Amino acid sequence: MMIRQHAKVIVNPAAGAYSTYRKWPHIKQLLTHIGLSFEYQHTEGIGHAIELAQEAANNGYDFLVAVGGDGTVNEVANGIVTSSGSCRTSLGIINTGTGSDFVRSIHIPRDFIRACPFLYSQQRLLVDVGFVEYYKDNKPSKRFFLNAAGVGFDAEVAEERLKLPRFFRGTLPYVYGLLKKLIGYKNKNVYLSVDGRNEEQSVLSVVVANGCYFGGGMNVAPLAELGDGLLDVLTVGDFGKLELLKAFPTIYKGTHINHPKVRMEKASRVTVSSQERLLVHADGEILGEGPVSFGLIPSALSIVV
C-alpha cells in the first residue's frame with residue numbers, strides 16, 4: 001500500500017528539448033498502470049512550477065511529482081520548501097531532461113520507464129537543501145537549490161549554454177560554452193569567506209555543491225553527500241587556459257580534486273564578493289549577480305527513492 005494516496009504531477013512539456021511533451025502520454029499511461037492516483041498540470045513557462053508546487057503543498061497535497069529535467073526538479077523543490085506543507089510533502093522525480101544531474105546524485109533511474117515504478121516506493125530520503133542569496137535587478141533575492149550553485153567561469157559557461165536553442169542540452173552545450181567563453185575569460189579577483197575564514201584570491205570558479213554532479217555528468221563534487229548537513233565547496237584557483245583544457249577531462253572522473261590549484265572542503269556558509277561582475281548560477285540556471293551568500297537547511301526535503 002502506498003504511503004501517499006493522491007499525487008499532484010507537475011509536467012514541464014519543454015524539458016528535454018521539448019521531448020517531454022511527446023513522452024507525457026506514455027508516462028501518464030505508466031503511472032496509471034502502476035496504480036498511482038494523481039492529477040497533473042503542465043507548466044507554462046519559467047517559474048511556473050514553483051507556483052504550482054507551492055499551491056499544491058499549501059492545499060494539502062503531500063506527494064508531488066516533477067516530470068522534467070534538473071530545472072523542473074529545482075522549481076518544484078523551491079515550491080515545496082517555501083510552502084506551509086513542506087514538512088509533510090514528499091517529492092517524486094521522473095527525469096525527462098538531458099542533463100539529469102540530480103537523479104545521478106540520488107540514484108534514481110535517468111530512464112523514465114524505469115523511474116515510474118519508484119513512485120510506488122515507500123522509501124523516503126531526507127536531503128539537505130542549499131540556498132543562495134544574491135542580487136537580481138539590484139534587488140536582494142533568494143533561491144533554493146538541490147544540486148550545485150556557484151560563481152565564476154561555470155556561471156558564464158551556463159549563460160552561454162542557455163543562449164543555444166532548447167534542443168541543445170546536456171554535456172555538448174556545456175563543452176561548447178566552455179570553449180567559447182575560454183577565449184576571452186579572465187579569472188576573477190574575489191573576497192571569499194568559508195565558515196568565517198576570509199581570504200582574497202584570483203579564482204576561475206567557486207562551486208558550492210550539495211550533490212555530486214552538474215553540467216550534464218561532470219563529477220564536480222565526488223565526496224558530496226545529500227544528507228550530511230554540509231556543503232562541498234570547490235575553489236578552482238588561478239588556472240591558465242591551457243591548464244584548464246588539460247584538466248577538464250578529469251572533472252568527469254572526479255579526479256580534478258587532486259589538482260594542486262583545486263581546493264575541496266566542507267562548510268555550512270560561504271560568501272563571495274568582487275569588484276568585478278559575478279554571475280550566479282544554481283542547478284543549471286542563471287539567477288543574478290553577486291555579492292552572493294550560500295547556506296544549507298539540513299534534512300529539508302523528503303524524496304521518494
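Ground rules. The model is predicted, so local features need pLDDT of at least 70, side-chain atom pairs count only at pLDDT 80 or more, and totals for chains, interfaces and linings use all residues. Residues are numbered from 1 along each chain as its sequence is written, and side-chain values use heavy atoms, with hydrogens and water left out.

Core first. A nonpolar core here is a set of buried Ala, Val, Leu, Ile, Met, Phe, Trp, Tyr and Cys residues joined through side-chain atoms within 4.5 Å. Buried means under 20% relative accessible area, exposed means over 50%, and partly exposed is in between, with a 1.4 Å probe and protein chains only. The largest core has 29 residues. Which residues have the most contacts inside it? They are Val-76, Leu-91, Ile-93, Phe-102, Leu-301 and Ile-303.

Now the elements. Helices (H or I, at least four residues) and strands (E, at least two) are DSSP runs, numbered from the N terminus. Those giving two or more residues to this core are helices H2 (48-58), H3 (70-81) and H4 (101-106), plus strands S3 (63-68), S4 (90-95), S5 (124-136) and S15 (285-304). H3 gives the largest share, five residues. As background, nonpolar side chains tend to be buried together in soluble globular proteins.

Take Val-76. Contact means heavy atoms within 4.5 Å. Setting aside neighbours within four places in sequence, Val-76 touches Ile-10, Ala-49, Ala-53, Leu-64, Ala-66 and Leu-91.

Gly-71 is also in helix H3. Gly-71 is partly exposed, because its relative accessible area is 23%. Thr-32 is 39 residues from Gly-71 in sequence, and 25 Å away, C-alpha to C-alpha.

Compare that with Ala-149, in strand S7 (residues 148-152). Buried or exposed? Ala-149 is buried, because its relative accessible area is 0%. Ala-149 and Val-208 are 59 residues apart in sequence, yet their C-alpha atoms are 5.3 Å apart. Beyond four places in sequence, the contacts of Ala-149 are Val-206, Val-207, Val-208, His-281, Ala-282 and Phe-294.

Next, rings. Rings of Phe, Tyr and Trp (its six-membered ring) pair if their centres lie within 6.5 Å; planes under 30 degrees apart count as stacked, over 60 as edge-to-face and the rest as tilted. How many aromatic pairs does the structure hold? Three. One of these is Trp-24 with Tyr-40, tilted, at 5.0 Å centre to centre and 55° between the planes. That pair links distant parts of the chain: Trp-24 is in helix H1 (residues 19-33), Tyr-40 is in strand S2 (residues 38-42), and they are 16 residues apart. Trp-24 is buried, at 4% relative accessible area. Tyr-40 is partly exposed, at 37%. Phe-248 and Tyr-252 also pair, edge-to-face, with centres 5.7 Å apart and 90° between the planes. Phe-248 counts as buried at 11% relative accessibility, while Tyr-252 counts as partly exposed at 30%.

Charges over rings. The test is NZ of Lys or CZ of Arg within 6 Å of the ring centre and within 35 degrees of the ring normal. The charged end of Lys-8 sits over the ring of Tyr-61, 5.6 Å from its centre. The charged end of Lys-142 sits over the ring of Phe-131, 4.6 Å from its centre.

On a 1 Å grid over the protein atoms alone, a cavity is a set of points where a 1.4 Å probe fits but cannot get out; lining residues have an atom within 4 Å of a point. Points are joined across faces, edges and corners, and a volume is the space filled by probe spheres set on the points. The count is one cavity of 30 Å³ or more. The largest cavity has a volume of about 200 Å³. Its lining has 19 residues, and closest to the centre are Asp-154, Leu-204, Val-236, Leu-244 and Ile-251. Helices H6 (153-161), H7 (171-182) and H8 (241-247) and strand S11 (231-236) each supply at least two lining residues.

Last, backbone. The peptide bond from Gly-290 to Pro-291 is cis, with omega near 5°. Pro-291 is in strand S15. Ser-299 counts as partly exposed, at 41% relative accessibility. His-107 is not a glycine either, and has a positive phi of about 65°. His-107 sits in the loop between H4 and helix H5 (112-115). His-107 is exposed, because its relative accessible area is 66%.

How values were computed. 1 Å grid on protein atoms, 1.4 Å probe; cavity = no way out; pocket = protein on both sides within 12 Å on 5 of 7 lines; lining within 4 Å.
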